[in-house]
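Thanks for coming. I have one model to go through today, and I will keep to the geometry. Please have a look at it first.

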Amino acid sequence: YLQLPADLTKMHLTDNPHPQVTHVPSSQSGCSIASDSGSSSLSDIYQATESEIGDVDLTGLPEAPVDSEDEEEEEDEDIDRTSDPLLGRDVVRECLEKEPADKTDDDIEQLLEFMHQLPAFANMTMSVRRELCSVMIFEVVEQAGAIILEDGQELDSWYVILNGTVEISYPDGKSESLCMGNSFGITPSLEKQYMNGVVRTKVDDCQFVCIAQQDYWRILNHVEKNTHKVEEEGEIVMVKEHRELDRSGTRKGHIVIKATPERLIMHLIEEHSIVDPTYIEDFLLTYRTFLTSPLEVGNKLLEWFTVDSLRDKVTRVVLLWVNNHFNDFEGDPAMTRFLEEFEKNLEDTKMKGHLRLLNIACAAKAKWRQITLQKPSRDSPLFFSLLGGSDKGFGIFVETVEIGSKAAEAGLKRGDQV
């Protein structure tokens, strides 16, 4: 059994960044992104070091206890009911038809989950969406061709289409069609505003939510007080939103909602707020959408590793990366070289505990594969070297592979066990 060396206590990972997952009814679910989608945290790696290496498995989170058959049947029925889209819309409509003062927290969460899918709410922060959901009023126009707003009419609301299509006919003869998720009406200002064009329904049963001008202006202007903008050389490079996770006010802080790619990478080694404990996991899950190559992150991590104060943080990022997304390294020769260089850095700095964790994570994620390497003759060089054997007391491993050789092309990698 492995004993963890003392230097691992510096990483402060005793607090599990993934809280225990519990079943949340659909009526209580919000639209925050869950970071527990099959990935495991560093605490899982730590637990693995306390068991035999041969039994290490870091592939997922702990399984929930098995329920009885009757309970499973009831849960299946609940899932069927909540997964029905028509029933879901009925629940949302019930929430919408209530007066703003009568809406409960559960009603607002239901509306929030539905509204965040619509384009009109796409660029708004979570707190702004929640405030808008608490004051919105539901309206239905039964017949097609009904005029909603006349040209030149004074505006007093912001409208979002939930069902149906409307057409805006402008005075110059042009027209525009708006469908589900689009919005029209006032801008967030208290000045008098007037409609440019005629708005009429194109189909029967058009449904809208309306938000009064006073509320719309108040909520959208409040967001400025609720956000913190980080500027560099006169340009905004990061926007953080202040959030409170409970009403007691004990769990509150700033969460990153926008940033340049460079700033997002830099935030990996900065202090993370109590309301954003899984920033690293979220970044590693999504970086492909805004970075052209993972080496942009890898090169920065190698650069930061040379700074003593950042070494533990960099190692934490790499361990999570290997543990949660091993394919990033296994399928990319450049990233494999990055991992080898990082491993050498751990050896040079005598961070043996961290090196052991890295090796355990790599071993647990490794997969069986068959490689065929053809030689022109029996005496031709192999272009790789082996280490180990029965006389050494452990298995046979590939120690080095010559870059650009036939062995490398065939897919042989340093650390492979034969």
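I will go from the whole chain to the strands and then to the helices.

This is a predicted model, in which local features need pLDDT of at least 70 and side-chain atom pairs count only at pLDDT 80 or more, while totals for chains, interfaces and linings use all residues. Residues are numbered from 1 along each chain as its sequence is written, and side-chain values use heavy atoms, with hydrogens and water left out.

The whole chain, then. The protein chain has 14 helices and 13 strands. Helices here are DSSP runs of H or I with at least four residues, strands are runs of E with at least two, and both are numbered from the N terminus. Of the 418 residues in the protein chain, 39% are buried. Buried means under 20% relative accessible area, exposed means over 50%, and partly exposed is in between, with a 1.4 Å probe and protein chains only. A contact means heavy atoms within 4.5 Å. Among contacts between residues at least 6 apart in sequence, 61% join residues at least 24 apart.

Now the strands. In general, strands of a sheet pair through backbone hydrogen bonds, either parallel or antiparallel. I call two strands paired if DSSP finds at least two bridges between them. Four strands form an open sheet in the order S1-S8-S3-S6, with antiparallel pairing. Strand S1 (137–141) and strand S6 (183–185) are at the edges with a single partner strand each, so one side of each has no neighbour in the sheet. On average, neighbouring strands of this sheet are turned by 30° against each other, direction ignored. Strand S3, residues 157–163, is joined to S6 by three bridges, and the two run antiparallel. Within that pair, Tyr 159 has Phe 184 in S6 as its bridge partner.

Next, S4 and its partners. Strand S4 (residues 166–169) and strand S5 (residues 175–178) run antiparallel and are joined by four bridges. Glu 167 is placed opposite Ser 177 in S5. S4 and S5 make a hairpin with five residues between them, and Gly 173 in the turn has a positive phi of about 95°. S4 also pairs with S7 in the antiparallel sense, over four bridges, and there Ile 168 stands opposite Val 199 in S7. S7 (residues 198–201) is in turn joined to strand S2 (residues 147–149) by two bridges, again antiparallel. The bridge partner of Leu 149 in S7 is Val 199.

On to the helices. How many of the ten residues of helix H5 are buried? Seven are, so H5, residues 126–135, is largely enclosed by the rest of the structure. Among the buried residues of H5 are Met 126, Arg 129 and Leu 132.

In helix H8 (residues 279–286), the buried residues include Tyr 279, Glu 281 and Phe 283. The buried residues of H8 pack against strand S11 (252–259) and three helices: H7 (261–266), H9 (295–305) and H10 (311–324).

Two packed helices are described by the angle between their axes and the distance between the axes. Axes are lines fitted to C-alpha atoms, for helices over the stretch in contact, and angles run from 0 to 180 degrees between N-to-C directions. The axes of H9 and H10 come within 8 Å and cross at roughly 150°. That makes H9 roughly antiparallel to H10, where under 35 degrees counts as roughly parallel, over 145 as roughly antiparallel, 65 to 115 as roughly perpendicular and the rest as oblique. The contact of H9 with H10 has eight nonpolar, two polar and one charged residues. Nonpolar covers Ala, Val, Leu, Ile, Met, Phe, Trp, Tyr, Cys and Pro; charged covers Asp, Glu, Lys and Arg; the others, Gly among them, are polar.

H10 also packs with helix H12 (residues 333–348), at an angle of about 135° and with the axes 12 Å apart. That makes H10 oblique to H12. The residues of this contact divide into nine nonpolar, one polar and no charged. On the H10 side, Val 314, Val 318 and Trp 321 are among the residues that meet H12.

Arg 316 counts as buried because its relative accessibility is 17%. The C-alpha atoms of Arg 316 and Leu 358 are separated by 10.0 Å, with the two residues 42 apart along the chain.
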